[in-house]
Amino acid sequence: MWFFARDPVRDFPFEISPELPEGGPPGPWVLHRGRKKATGSPVSIFVYDVKPGVEEQTQVAKAAFKRLKTLRHPNILAYIDGLETDRCLHIVTEAVTPLGAYLKARAEAGDLRELELSWGLHQIVKALSFLVNDCSLIHNNVCMAAVFVDRAGEWKLGGLDYMYSAQGSGGGPPCKGIPELEQYDPPELADGSGRAVREKWSADMWRLGCLIWEVFNGPLPRAAALRNPGKIPKSLVPHYCELVGANPKVRPNPARFLQNCRAPGGFMNNRFVETNLFLEEIQIKEPAEKQKFFQELSKSLDSFPEDFCRHKVLPQLLTAFEFGNAGAVVLTPLFKVGKFLGAEEYQQKIIPVVVKMFSSTDRAMRIRLLQQMEQFIQYLDEPTVNTQIFPHVVHGFLDTNPAIREQTVKSMLLLAPKLNETNLNVELMKHFARLQAKDEQGPIRCNTTVCLGKIGSYLSASTRHRVLTSAFSRATKDPFAPSRVAGVLGFAATHNLYSMNDCAHKILPVLCSLTVDPERSVRDQAFKAIRSFLSKLESVSEDPTQLAEAEKDVHAASSPGMGGAAASWAGWAVTGVSSLTSKLIRAHPTAAPAETNVPQRPVPEGHWETQEESKDAEEDSTAADRWDDEDWGSLEEAESVLAQQDNWSTGGQASWAGQVSWTSNPGHKSQESDWSSWEAEDAWEQGWQEPSPPEPPPEGTRLASEYNWGGPEPSDKGDPFAALSVRREAGAQPRRDSWGDDNWEGLEAESRQAKAELARKKREERRREMEAKRAEKKTAKGPMKLGTRKLD
């Protein structure tokens, strides 16, 4: 029976990418890109092929394998797995790129910054300090080829092939045998004895000086080139000179070198290094320190490298929110970093956090989410918006904080295209109706109108027909002037969504009433809108064939394309007025009617929903709220209109003229027809119907004909002017061929006298009835009982 040995390389859980090797440190190691077979995650694989006749080099490679496997430090190349056979050595580490290739690529792209270099050198010096001070190890191979960069831009120290103990155990430094590496040796090692070395870190610090020179000036041609700092920053030159000094005693300890460079004005004293140091210790920081750090982080992210933001800052932000209770302060830097992510990565890392944040009850978090929704709305799909986000967002409409209500309204501009039929046409319209009718803040009512005008194209045809005209009409009666302007502009922006009949009978009467508005801005916009609608009506009147084209969008389904006109009509309200909203709210936290000198008009509380939905809404309201819902102002107006119709000749016209004045008394009631009922569309025609006959005045009211205008005694006879009018009518023969000779005044006077006579007769009849009843009561009492008579 034959037994076949398994190939350990084939069974290795990592595989080498077929791409060309990326190189590696000088020597036998070759760096390859690879991936984990199970997950496909990228890794780096260092490969050493065992060859006969190079046993000493093989022992060095095996020692490096052992050192890297046992050393763990954030600034040393991270070991993941390894494979050791008779034919090869495989070391699997985190995915890295050689420093030389990384700097070349960054320089060609123009993205290389001193901030990035300062933090990279800080990490290498910190790794050397760990080896020398904590582990008593000499790296003995610090150079450009021994440094690697991970995907976050973090510099990692590798090349541990020639490391040895500083305490002398295990023999002296191994022989390199590679000329490219010997040029980094300090001058005191030229004799080969090593007796001139006074400090254990002196040699590595010299090599660190060589690395600094190469980072800023390119590959080191020879050791003599170290005398010229070249492009090394001035703040780093003094410390660099200490490293490459001929006297090994002057070379500082790695920890001391870091301390010198971190001094005020030092090369490593900058915001980028401070941010990285804080992130490394964020788990042990106090909550107040974390809050302050995240608040200041957003200002600095623009100057930080993109890879650093994606792979180091973002994980810390997600961890701080998930486990650190960081709250709303992480939102601004989180969304700022999210700009560097692709669509798929954004869906995996940011969206789950955003969905979870919307369910939070923290007001600060909710308002920041609403303010920054524009940055992540494109990555949200419709099911997520309708089931996990919108149900939480709508709570903002009922919030007692005006700023949250305002931001909730403005966020609907972004959410509306992704809302389903129920959420958009039913739920959202209910909240908009309540805000526009009952919200005490004028700017919020204004922005509600603005938002409705912008999302009007997304509404269904039936909802548009029921809502838009009524909502914009209500806005034109708002005591807050910008709300009235928004109502006018809303009509203009959605002009293509109204039929010609609605334009003539519903919209134009509303706009015409605004031509006498106290505010000049409202009047100007009203005149512009009137001219626009009249031009549209006139064009259809001249050419009726254009009617179908003019009304093509009226019954069309909701379409984003129809919102082109509304996309720019009211930008002033969302930017200018909304930026003013918070100021108005802080300065005037009271009700909105005190914000302007406009006459107080009754603001109705009608709904945009059907009658069934209105019943549901009424059931939720309290009895006290229903008293406020009654339109008492319209009843008073109706009585005043009837009173004017009763007396056409006694100053009614003068009273009307006083009401149209733009400087009228704010406390005076308006005589406009009641447009507050949103569902009662027939109310628009009521103003054009014949007035109903006036009711007789109450008992005790005396007409002008009953007064004695100078006579000694009142007379029960009819008005003598009536007889005069009758005689004049009998004596005059009107000519039927002339419209101008008709005696219209005589006919009106006769009608008034007849009404007065009829009223007088009714009063007489009423007086007689009352006297008869009194007599009956006296006779019904009968004789009085004995002993009960009272003296007068």
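In this predicted model, a hairpin of three residues links strand β4 to strand β5. The two strands, β4 at residues 79-84 and β5 at residues 88-94, are paired in the antiparallel sense through five bridges. Within this pairing, G82 lies opposite I91 of β5.

An open sheet of five strands runs in the order β1-β2-β3-β5-β4, and its pairing is antiparallel. Its edges are formed by β1 (14-16) and β4, each of which pairs on one side only. From one strand to the next, the twist averages 30°. Further along the sheet, strand β2 (residues 30-36) and strand β3 (residues 42-49) run antiparallel and are joined by six bridges.

Three bridges hold the antiparallel pairing of β6 with strand β8 (residues 147-150), and P98 stands opposite F148 in β8.

The 21 residues of α4 reach 29 Å from the first C-alpha to the last, which is close to the 30 Å expected at 1.5 Å a residue. Of these 21 residues, 16 are buried, so α4 is largely enclosed by the rest of the structure. After α4 comes S136, which has a positive phi near 55°.

Attention now turns to the helices later in the chain. Helix α21 (residues 481-493) and helix α23 (residues 520-542) have axes that come within 9 Å and cross at roughly 10°. The two helices α21 and α23 are therefore roughly parallel to each other, given that angles under 35 degrees count as such. On the α21 side, the contact involves A481, R484, V485, V488, L489, F491 and A492. Their counterparts in α23 are S521, V522, Q525, A526, A529 and F533. The residues of this contact comprise ten nonpolar, two polar and one charged. As background for reading such a list, an α-helix has 3.6 residues a turn, so residues three or four places apart point the same way.

Two individual residues complete the description. S499 sits in the loop between α21 and α22 (500-513). Its relative accessibility is 15%, so S499 counts as buried, the cut-off being under 20%. Beyond residues up to four places away in sequence, S499 touches E551 and V554. Q407, located in helix α17 (residues 402-415), also counts as buried, because its relative accessibility is 12%. Leaving aside neighbours within four places in sequence, the contacts of Q407 are with I367, L370 and Q371.

Terms used. Residues numbered from 1 in each chain as written. Predicted model: local features only at pLDDT ≥ 70, side-chain atom pairs only at ≥ 80, totals over all residues. Heavy atoms only, no water. Axes fitted to C-alpha atoms, helices over the stretch in contact; angles between N-to-C directions. Helix = DSSP H or I, 4+ residues; strand = E, 2+ residues; numbered from the N terminus. Parallel < 35°, antiparallel > 145°, perpendicular 65-115°, else oblique. Contact = heavy atoms within 4.5 Å. Nonpolar A, V, L, I, M, F, W, Y, C, P; charged D, E, K, R; others polar. Buried < 20%, exposed > 50% of the residue type's maximum accessible area, 1.4 Å probe, protein only. Pairing = 2+ DSSP bridges. Expected span 1.5 Å × (residues − 1).
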